[in-house]
Amino acid sequence: MMEQNEPLHGARIGIGRFDRWAAVGFLVLPLIVFLVPLAFGHPLMAGDDLNQNFPLRKLAAQDIAHFHGPLWDPYIWSGTPLLGGFNAGAAFPSTLLFVILPAKFAWSLGEAMVFMVAGLGMYAFLRALKLAPISALFGSATWCLAGFMGSQLVHLELVQAWGLVPVALLAILRLGECPKGSRPMWSAVLGICLALIVLTGSPEGLIEGTGLIGVYFVYRLWVTRSFALVVWTVIAGAVGVLIGSIQWLPGLAVISTSQRSATNYHFFVSGSIEPSEIPNLFIPYLLGGFGRFGIPSYIGEYSLTEISGYPGILAMVAIVSLPLKGVLRQGQRASKGWGIWYVIGALGIILALGENTPIDHLLYRVPAYGSLRLPSRNLAWLDLAASVILAYWVQSLIGWKGREARGDSRTTALRWVRMLPYLPSAVIALISISVLAGGGWVISSLAHVPVAVADTRVTALRAVALVALVFSTGVAVLIYLLPRLRRPQIIIWLSAVLVLDLGFYAANQWWVQSPSNKVIDASTAQMHTISTYLGGRGHVSPRYAIYDPYRHHIDELNELAQPDLNVLARLPSVQGYGSLISSSYEKSTGTHQQLTVNPASLANGTMDLFGLKLLLTTQDAFSTQISGPRLAPETGSTASSASRGYSAPSDLVYPPLSPPSYVPGVTIAQGTFRPGETRSWLTGDDQYISSIRVTYSKAHGESASGLEPGVVRVGGQTAWSLPQRAQSGVGENAQPGVEQKSLSAQGAQSTQTDIASGSSNGVNSSLGSETFYFQDAQDASGIALKYTGTGQLSVRNIEYMTVSGALFELKGSLQGSVLPGHWQYAGHLGDYIAFENLDVRPAVWVVPLNTPLTEAGLLASRPVPYSSAKMSLEVDWAEDAVKVYSPVPARLVFSMNYDPGWSASISVYNPATQYPDIVSDGPVIRAGFLQTAQVPAGKSTVRFSMGPSYYVKARELTAFGVVLVLALLFASLLLSRRRLERLTRQR
């Protein structure tokens, strides 16, 4: 009988016909998957790939094409590092495709290359483990399609990093067993892999991927006891560090000033796999998917992409079956080499569970690893290990004919052991039957959703469970029949299961969709409107922001160029979506979480300094509807769930909305009035208001409120003398128990009613309310109140009613922060409402030299009028030139977020030499969050440039790493030639 470690037919280490066809398949199939949809105008991208990876790579390529380092992104967060921000993958080789190819084609080709490298790398690694070609094919196909790689393509940089891991494992394997002459070459291969993993720009992929590589290195060192393996691996590590320095050196500089410079335990464990989410590893769409093939949208508590680690049912069978072969073959030598993969898989599960393991605090203290988040991404360890174990299991099936040797199947213990291969099918059946029997309450329990699951959704998810039950039962029957089948039949049936299982899994993934080409081309009508309103496209034009923390209108956000899609449209924003943001900028603006802004920064002038001219939001940020017809129903959220930070799912092909960590508290329109004082509030939309109800408190003894109502017109003017229009039914919207009086063209009088004793801030006062009814409904975007009484009056709350009968309360997260006079209603843009900042600062301005270099100092010092300081701005890819004329020394302010990598060169024209003389050349001066430079009297030119010193060092280290790689390859070639000559002489 054939020994397990004996090479099978076709399993020799040399490259055979099957190997060549497999290589062709791994090269061609990804091209078909990604380029064919592109040929029909539908490039595949979604999620972070659309909103972040594609725009940032295109921006980086534009800088490279103009022979400038991709150092700065001026379009998000009022300017932020590009290369050092990691997410752009600016130094990764596939980004160069955007320089020489159309952007869509470069993107699709880059996606295909991920699976080319992952598939070929895993196949070559499995063949180097002396596994048969068909076994290697099963393992590599599972690695590409199942679990982590099959779901995480929406994070391109992450799968790029993990796709390189099998190649690195292959290099470590070969370093421990190859001839001396080949070791420099495999050391170079390992070094290049490590460098490319760094250059992907994925911190998780770098630390977690190299962690797995390190575990395998320790295992191979224990097996080989080879000192040469240590030496050549250290050399490879040096190569990786040197070449990767172009990414990690700028990255560390950015991290040191970012919000991740001081992470905590709660950040580290965010995204841990919960025990209730483990059933998703057995039935991947148990709680829904992405709206395809009748599967409803996912309703779980966490992102489906982040908990997707389904290795495939065959891999699960292999995990429990492979050790069984050694038990049943009592007289045979068991397979060698697969034990380490059980260790790696177990480590992956432990790491993915994060806070749900007893060693979570110990893991948090591991250097570098403790600064990461999303432990769920360690499911990649499990999926890679499962793929290798599957290959070993297939090898055992096709290399073992007949029943187990000398096994006594009549013993009870052995009969139970023989049942292990049916365990995955049994677990899937148990979960499926629970869903089929329990229905909605089981689904709600697994999903941890605070709202009831709709009957239609329960029915659809029951259908998913039924399909899983039928499929797992079929696999159980196949397992029973395997000992009775011939080798070709085994291969055919296993291939059918693999294709059906993982093909269906991959086809339902989020990334298998295409956005609108108008979005990719930055040519939507909404983008054009925003561009026109801001005065053109360019990184120094005024900026805009979208405030919608719960993403009520998620289907419109891409049309509006939500960050980082705004990079494609070249529309600068104060917001962003990258993983690294300046900690001081985030603390002040609150813009790290998607589509959020700190309301305080809108009120205190911070956003004025950053040039925020246009704010897009929804009415509920200003007014909360209490009753009456809803003119524009919200989508994606419910009143009952909003208080818990949960957004109910829609049937769009988007993932669920994770509760934003920064959602400001809701405030009510209120204020303390003194005699003669006026105040106004925005309602959040242009509406016809029929009545206003004010709740207030004032000192005892006052007989009337002394309030005079008014409205803020769409143009920003406050109307106190309201024009009369046709009678509209006096009293039809009257409040019970409140005396009504209509407002005439000359103003209004009203009677105070509903007075109750109370106190306000420890002072005896009366609490009352008064309703003002407009005989003619008023077209208004805000409400104003004037206090004409005596003493002090405190407004507690304001409500208003529209002509449609809808009752609103001035209550929202932006109420009290976005106020008339500073902000003005500007109209609708789709379902979003636009507000214009009336006090926005220009891109550059001049202030007196003695201005305090603080945010408050800049706000207090108004810009010098252009009549005394003429300025022009000339934009280049890497530097901004500003020509300034000032009769006295002054300070030039550049509305770009400060970064220590910026410098300013100031030159003055010398009539004698007819050349400019540089009078100052050095780092920019920080003023609050902005950049400033001191300019002399007269005409001068200021050039702002981005070129940090660490970037120069990084380029030198990378160049040295490339030279080292070339030296290793040359040494390998030289040693191989000498070895060949020696063998020739011996013959």
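I found Leu595 in the loop between α24 (583-589) and α25 (599-603). Helices (H or I, at least four residues) and strands (E, at least two) are DSSP runs, numbered from the N terminus. Leu595 has a phi near 65°, a positive value in a residue other than glycine. I noted this because most residues other than glycine have a negative phi, and most peptide bonds are trans. Leu595 counts as buried because its relative accessible area is 2%. Buried means under 20% relative accessible area, exposed over 50%, and partly exposed in between (1.4 Å probe, protein chains only).

**What I am looking at**

I reminded myself that this is a predicted model, in which local features need pLDDT of at least 70 and side-chain atom pairs count only at pLDDT 80 or more, while totals for chains, interfaces and linings use all residues. Residues are numbered from 1 along each chain as its sequence is written, and side-chain values use heavy atoms, with hydrogens and water left out.

I read off 29 helices and 26 strands in the protein. Of its 987 residues, 56% count as buried.

**Another loop**

I moved to the loop between β3 and α23, where Ala561 lies. Phi of Ala561 is near 65°, again a positive value in a residue other than glycine. Ala561 is buried, with a relative accessible area of 0%. Asp564 has its place in the loop between β3 (543-547) and α23 (566-569). The peptide bond from Pro563 to Asp564 is cis, with omega near 10°.

**The nonpolar cores**

Which residues have the most contacts inside the largest nonpolar core? I listed Phe125, Trp162, Trp341, Trp393 and Phe944, in a core of 236 residues. A nonpolar core is a set of buried Ala, Val, Leu, Ile, Met, Phe, Trp, Tyr and Cys residues joined through side-chain atoms within 4.5 Å. Helix α15 (residues 379-398) gives this core its largest share, 16 residues. A second, separate core has 23 residues, including Tyr696, Tyr787, Ala806 and Leu810.

I then followed Trp162, leaving aside its neighbours within four places in sequence.

I placed Ala128 in helix α4 (residues 103-128). Is Ala128 buried or exposed? It counts as buried because its relative accessibility is 11%. Not counting residues up to four places away in sequence, Ala128 touches Leu170, Leu173, Arg174 and Glu177.

I placed Glu855 in helix α28 (residues 855-860). Glu855 is buried yet has no salt bridge, meaning a side-chain nitrogen of Lys or Arg within 4 Å of a carboxyl oxygen of Asp or Glu. The nearest side chain of opposite charge, Arg926, is 8.8 Å away. Lys and Arg count as positive and Asp and Glu as negative; His and the chain ends are not counted. Setting aside residues up to four places away in sequence, Glu855 touches Ser588, Thr606, Leu609, Gly928 and Phe929.

**Last entry: helix α1**

I ended with Val28, in helix α1 (residues 17-39). Val28 counts as partly exposed because its relative accessibility is 38%.

Technical notes:
Contact = heavy atoms within 4.5 Å.
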